[in-house]
Amino acid sequence: MKFRFKKNILLLLSILSILAIASCSSDSNEPVVNELEGLNKFQEVTNTTHTIELYKRKGGLEQGFNEVAFRIKDNATGEYVKNATASWMPVMHMTSMTHSCPKSAIEKKSTEGTLYEGYLVFQMAQNATEYWDLKIDYTIKGVAYSVTFKIDVPASLKRRINSFKGTDGMRYIVAYVEPHQPKVAVNDVEVAIFKMQDMMTFPVVDNLKLKIDPRMPSMGNHSSPNNVDLTQAVAGKSYKGKLALTMTGYWKINLQLLNANNEVLKGEAITDAVPESSIYFEIEF
Ligand SMILES: [Cu+2]
């Protein structure tokens, strides 16, 4: 009897520990409580089966680099779909032609969450007669769905993107990614660089170098110390460096794009005679 009692206690203890482990692991599988924290829903589109909710950190889409997230809601159940795979295709409809822009693959932000995310890089803004639309193709449990809708891509107030032909004859797109909130400090700076392979294909370009020369035109065009030119640590990814901003106000970040042999593809060094480069970003804070 005593032996059985002991055995039962052991059994009970092991069941309790299994329950404790199970409840722990189910906690960590729960969706992030507030996955929409800091995100703004800027558009919602519906087809016969689903509603797509589009999110951005603030405001809506604009000319330049846009980090975009979306959710897919099942119209019949009201539930958000967690197991879709998706791709997208932005197209600008111009009077004389159509073309696309640089874009990422779409990835699920977390397994248990409902957000799908990536980036779209609009090199041109819409105007009165020319507009962008976005096609999202998605597959859920082997069934393919699609939705195409017009998007609003106004011009950015400050220059965030440069589209140009390099001295090698290639067309490049150089887009400002970060810092989102520049500070009076040496900021981590990130830029994405693409080339136009054809009207619909814009891959990341590897092994370039982006020289930066931040200047304050309103204050004698002074520069700042401790800037670090941007290089690419991982092929297929963005370029990173250090951007020193010594005071608040309007800065022009003059750029020079160099190839692997340090030959200038586009942009000028700043001198007394050359106060600005032909490619640059603008920051005001
Ligand atoms: Cu266009």
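The protein has one helix and 18 strands. Of the contacts with a separation of 6 or more, 54% are between residues 24 or more positions apart. The mean pLDDT is 92, and 88% of the residues reach 70 or more. One stretch calls for caution: over residues 18-28 the pLDDT stays under 50, and the model has zero contacts there beyond four places in sequence. Where pLDDT is low, the predicted coordinates should not be read in detail.

Let us now consider the sheets. As a reminder, strands of a sheet pair through backbone hydrogen bonds, either parallel or antiparallel.

In what order do the strands of the open five-stranded sheet stand? The order is β1-β2-β3-β7-β6, and the pairing is antiparallel. The edges are taken by β1, residues 40-46, and β6, residues 107-108; each has a single partner strand, so one side of each is left without a neighbour in the sheet. Further in, strand β3 (residues 64-74) and strand β7 (residues 116-122) run antiparallel and are joined by seven bridges. Within that pair, Phe-65 has Val-121 of β7 as its bridge partner. Please keep Val-121 in mind, as we shall meet this residue again.

Another open sheet has four strands, in the order β5-β4-β8-β9, again with antiparallel pairing. Here β5 (98-99) and β9 (143-151) are the edge strands; each of them has a single partner strand, and therefore one side of each lacks a neighbour in the sheet. Nine bridges connect β4, residues 85-93, with β8, residues 131-140, and the two run antiparallel. In this pairing, His-93 stands opposite Tyr-131 in β8.

Strand β10 (residues 161-165) is joined to strand β11 (residues 171-178) by five bridges, and the two run antiparallel. Asn-162 has its bridge partner, Val-174, in β11. These strands form a hairpin with five residues between them, and in that hairpin Gly-169 takes a positive phi near 85°.

Strand β11 is also joined to β12 (residues 185-195), by six bridges and in antiparallel fashion. Glu-178 has Glu-190 in β12 as its bridge partner. This second hairpin has six residues between its strands. Glu-178 also takes part in a cis peptide bond with Pro-179, with omega about 5°. Pro-179 itself belongs to the loop between β11 and β12.

I turn next to the interior. In soluble globular proteins, nonpolar side chains tend to be buried together. The largest nonpolar core here has 53 residues; those touching the most other members are Val-121, Ile-173, Val-174, Ala-175, Val-191, Ile-193 and Leu-210.

Beyond four places in sequence, Gln-126 touches Tyr-131, Trp-132, Val-153 and Pro-154. The C-alpha atoms of Gln-126 and Val-153 are 5.6 Å apart, although 27 residues separate the two along the chain.

The other two residues concern backbone angles. Most residues other than glycine have a negative phi, and most peptide bonds are trans. Lys-141, in the loop between β8 and β9, has a positive phi near 50°. Asn-207, in the loop between β12 and β13 (209-215), has a positive phi of about 65°. Lys-141 is exposed, with 7 C-beta neighbours inside 10 Å. Asn-207 is exposed too, with 10 other C-beta atoms within 10 Å.

Thank you for your attention.

Methods:
Residues are numbered from 1 along each chain as its sequence is written. This is a predicted model: local features need pLDDT of at least 70, side-chain atom pairs count only at pLDDT 80 or more; totals for chains, interfaces and linings use all residues. Two strands pair if DSSP finds at least two bridges between them. A nonpolar core is a set of buried Ala, Val, Leu, Ile, Met, Phe, Trp, Tyr and Cys residues joined through C-beta atoms within 7 Å. A residue is buried if 20 or more other C-beta atoms lie within 10 Å of its own, exposed if 12 or fewer, and partly exposed in between; C-beta atoms are placed from the backbone. Two residues are in contact if their C-beta atoms, placed from the backbone, lie within 7 Å. pLDDT is the predictor's confidence in each residue, from 0 to 100.
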